[in-house]
Amino acid sequence: MTNHFPTPPKLPRVIRIPVPAVMQGRSAWVQYAIGAVFLAVLVGGLWAGWKWHSLHAGMPKLPSDIAEMWNLNREPAIEFVDRDGNTLAVKGPRYGRAIAVAGLPRHIPQAFIAAEDKRFYEHDGADEAAIARAAISNAAAGETVSGASTITQQLVKNLILDSRQTMSRKAQEITLARQLEKRMTKDEILSMYLNRVYFGSGLYGIDAASRYYFGKPPEKMTIAEAALLAALPKAPSKLNLRENLEGAKDRQQYVLREMRSMKFISKQEEAAALEAEINIIAPPVYDAELGYVLDVATEKLAAILPRVPGDAVVTLTIDPKLQSRVEKRVSERLAKDGPALKATQAAALILGRDGRVVALTGGADYKTSPFNRVTQAKRQPGSSFKPFVYALAMEDGYSPYDVFNDRPISIGKWKPTNYNGEYIGPMTLSEALTRSTNTIAAELGNESNPARVAEIARRFGIKSELQAFPSLALGSQEVSLWEITVAYGVFQSGGRRMEPYLISKVTDTRGHILFEQPDTPGERVYAEDYAADMNAMLTRVVNASFGTGHNARFGNWTVAGKTGTSQDWRDAWFIGFTSQYVGGVWVGNDDDSPMRKVTGGGLPADIWSDLMEMAHE
């Protein structure tokens with residue numbers, strides 16, 4: 001049987017039209033072109049991404065708290081001022097007080113904008129037009145002859161980046177400047193720039209430069225002066241106003257011309273500023289002998305603020321005029337009397353009744369020897385230590401009128417003798433202190449117990465280690481002039497421990513108070529009635545005809561105090577007080593060599609009288 005399948009229908013014939021060869025080439029070329037463009041874009045994008053990343057690798061970040069920028073990249077500096085705000089000295093570069101653009105006359109920020117960044121209020125941190133102009137100028141010159149850094153970029157470079165001139169640093173500078181503009185207002189950026197820009201000669205900030213060169217706060221600067229300062233950031237060392245005023249004036253002309261072109265000033269104001277006389281004041285001269293005070297203040301500052309800001313402003317308690325006179329008088333007396341007495345050094349300290357340091361000089365010449373004999377030297381105080389022995393005796397029930405016998409005594413193997421080798425016999429405790437009788441002080445200290453004598457001295461403010469030896473009663477163990485003078489403050493105050501201070505306030509240049517001396521009375525460490533008895537006896541030391549301290553008298557003031565002389569006249573002291581001041585003077589030699597019979601009632605009491613008379617004027 002034969003199977004018959006239907007015959008499939010015939011399909012229409014496909015007619016293939018041949019494509020010309022030229023058209024085939026064009027299509028391939030378009031495909032290749034598109035592919036090449038895509039590849040170029042891809043490669044370019046990858047390269048740009050890699051380049052951007054490489055340029056910004058390791059880029060610092062802006063502080064999370066923008067206020068932290070104030071302290072970035074700041075070389076530590078301390079400005080010391082008196083209570084009236086007058087600068088006494090500067091350690092490190094000088095930073096001016098913080099200023100805000102809003103508090104300045106308009107011509108001052110305008111001068112800096114005209115000099116450094118004409119489109120400051122228009123750009124976003126980087127000025128593309130200025131960059132293009134600078135690139136053209138530099139290409140034409142074949143070297144870098146023009147920069148394009150905006151004020152914001154300069155601020156970023158100065159505070160955050162280093163000074164390397166590389167493509168990477170420039171890219172980071174631009175990026176950070178734009179970030180900064182999003183976080184600070186234009187006026188805030190300009191204010192920070194004016195406060196941190198370098199003017200040469202160790203001056204940072206417009207306030208420091210204005211006061212250093214013109215002797216006035218920036219608010220009082222004229223157009224001519226503002227334009228002159230605006231000329232300096234371009235080349236602060238080269239255009240130093242005291243060494244190259246003419247060079248700075250050349251740049252000033254450019255600044256004034258730009259200020260006029262920007263309509264900040266009129267043509268007449270420009271002409272007047274060009275003709276204005278610029279008065280550059282003499283550089284400040286600080287008291288070199290103040291080094292003793294500044295060294296102590298720096299040490300105290302570190303104790304007050306473990307983290308001292310880089311722009312600390314420290315208000316000291318000293319009276320500058322009195323301080324200068326004290327330094328001069330101590331040096332004069334040493335020069336006059338020292339050679340004959342074989343005395344080469346002296347130190348003096350004057351404290352107000354509240355504990356403030358009014359004057360301090362640690363030696364004859366700071367430049368020759370910065371060793372501070374007020375705070376660093378420890379010497380035997382001799383009889384100036386005896387008041388602590390008598391103060392303990394008052395607590396133990398003795399009175400100034402109790403009678404002891406001045407006679408040869410032995411305490412174990414120790415046989416104390418009087419200065420003149422003589423013995424008077426019976427006398428009151430008041431007379432014994434007035435005459436500085438050694439035997440009675442030694443007997444009194446032994447009866448009270450040397451350990452308790454050491455304890456009351458510590459209670460009054462002596463911080464040096466004291467051993468409980470019987471000879472302690474006669475001042476055989478070393479103390480500093482600072483601590484024994486402070487300890488006498490207990491007598492002056494009627495029984496309250498004196499808390500000495502040299503720093504009354506610490507701020508930063510923005511005026512933030514970081515420390516202020518509290519106004520609190522010292523702790524009571526001694527009964528008031530006992531202090532009254534002691535003061536009566538110490539006054540007699542000075543006023544009695546036979547008192548060892550009669551040379552300390554001056555004017556009509558009531559003076560109380562005590563002389564001290566160590567063995568072989570190696571140290572001579574007078575420590576005393578009035579109702580207003582407590583003071584101490586030490587005379588001796590650094591090598592501990594004997595003087596020529598100098599006692600505390602001689603040269604030290606004389607100097608003390610001179611210094612106190614000055615203080616009470």
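Me: Hello! How many of the nine residues of helix H4 (residues 151-159) are buried?

Reply: Welcome! This is a predicted model, in which local features need pLDDT of at least 70 and side-chain atom pairs count only at pLDDT 80 or more, while totals for chains, interfaces and linings use all residues. Residues are numbered from 1 along each chain as its sequence is written, and side-chain values use heavy atoms, leaving out hydrogens and water. Buried means under 20% relative accessible area, exposed over 50% and partly exposed in between (1.4 Å probe, protein chains only); H4 is mostly covered, and its buried residues number seven.

Me: Which residues of H4 are the buried ones?

Reply: Helices (H or I, at least four residues) and strands (E, at least two) are DSSP runs, numbered from the N terminus. In H4 the buried residues are Ile151, Thr152, Gln153, Gln154, Leu155, Val156 and Leu159.

Me: What is the strand order in the open sheet of five strands?

Reply: Two strands pair if DSSP finds at least two bridges between them. In this sheet the pairing is antiparallel, and the order is E7-E6-E14-E13-E12.

Me: Which strands stand at the edges of that sheet?

Reply: An edge strand here has a single partner strand, so one side of it is left without a neighbour in the sheet. The edges are E7 (357-361) and E12 (560-565).

Me: How many bridges join strand E6 to E14?

Reply: E6 (residues 345-352) has E7 as an antiparallel partner over four bridges. In the hairpin of E6 and E7, four residues lie between the strands, and glycine 355 takes a positive phi near 100°. With E14 (residues 581-588), the pairing of E6 is also antiparallel, and the number of bridges is eight.

Me: Which residue of E14 is the bridge partner of leucine 351?

Reply: Towards E7, leucine 351 stands opposite valine 357. Alanine 348 also has a bridge partner in E7, threonine 361. In E14, the bridge partner of leucine 351 is valine 582.

Me: Is E6 largely enclosed or exposed?

Reply: In a regular strand the side chains alternate between the two faces of the sheet. Gln345, Ala347, Leu349 and Leu351 point one way from E6, Ala346, Ala348, Ile350 and Gly352 point the other way, and all are buried. Because eight of its eight residues are buried, E6 is largely enclosed.

Me: What volume does the largest cavity have?

Reply: On a 1 Å grid over the protein atoms alone, a cavity is a set of points where a 1.4 Å probe fits but cannot get out, a pocket is an open set with protein on both sides within 12 Å along at least five of seven lines, and lining residues have an atom within 4 Å of a point. Grid points are joined across faces, edges and corners, and a volume is the space filled by probe spheres set on the points. By this rule there is one cavity of 30 Å³ or more. The largest cavity has a volume of about 60 Å³.

Me: Which elements give two or more residues to the lining of the largest cavity?

Reply: The lining residues include Ala77, Ile78, Arg94, Tyr95, Asp311 and Ala312. The elements that give two or more residues are strands E1 (77-81), E3 (94-95) and E5 (311-316).

Me: Which residues lie closest to the centre of the second largest pocket?

Reply: This pocket has a volume of about 950 Å³. The largest share of its lining, three residues, comes from E12. Of the 36 lining residues, the closest to the centre are Ser383, Thr417, Asn418, Tyr419 and Asn438.

Me: How far apart in sequence are the parts tied together by aspartate 610 and arginine 333?

Reply: A salt bridge is a side-chain nitrogen of Lys or Arg within 4 Å of a carboxyl oxygen of Asp or Glu, and this structure holds 32 of them. Aspartate 610 and arginine 333 form one, with the closest N and O atoms 2.9 Å apart. Aspartate 610 lies in helix H19 (residues 603-616) and arginine 333 in helix H12 (residues 320-341), so the separation in sequence is 277 residues.

Me: Is arginine 510 buried or partly exposed?

Reply: Arginine 510 meets aspartate 508 in a salt bridge (3.5 Å, N to O). Aspartate 508 has 5% relative accessibility and counts as buried. At 30%, arginine 510 counts as partly exposed.
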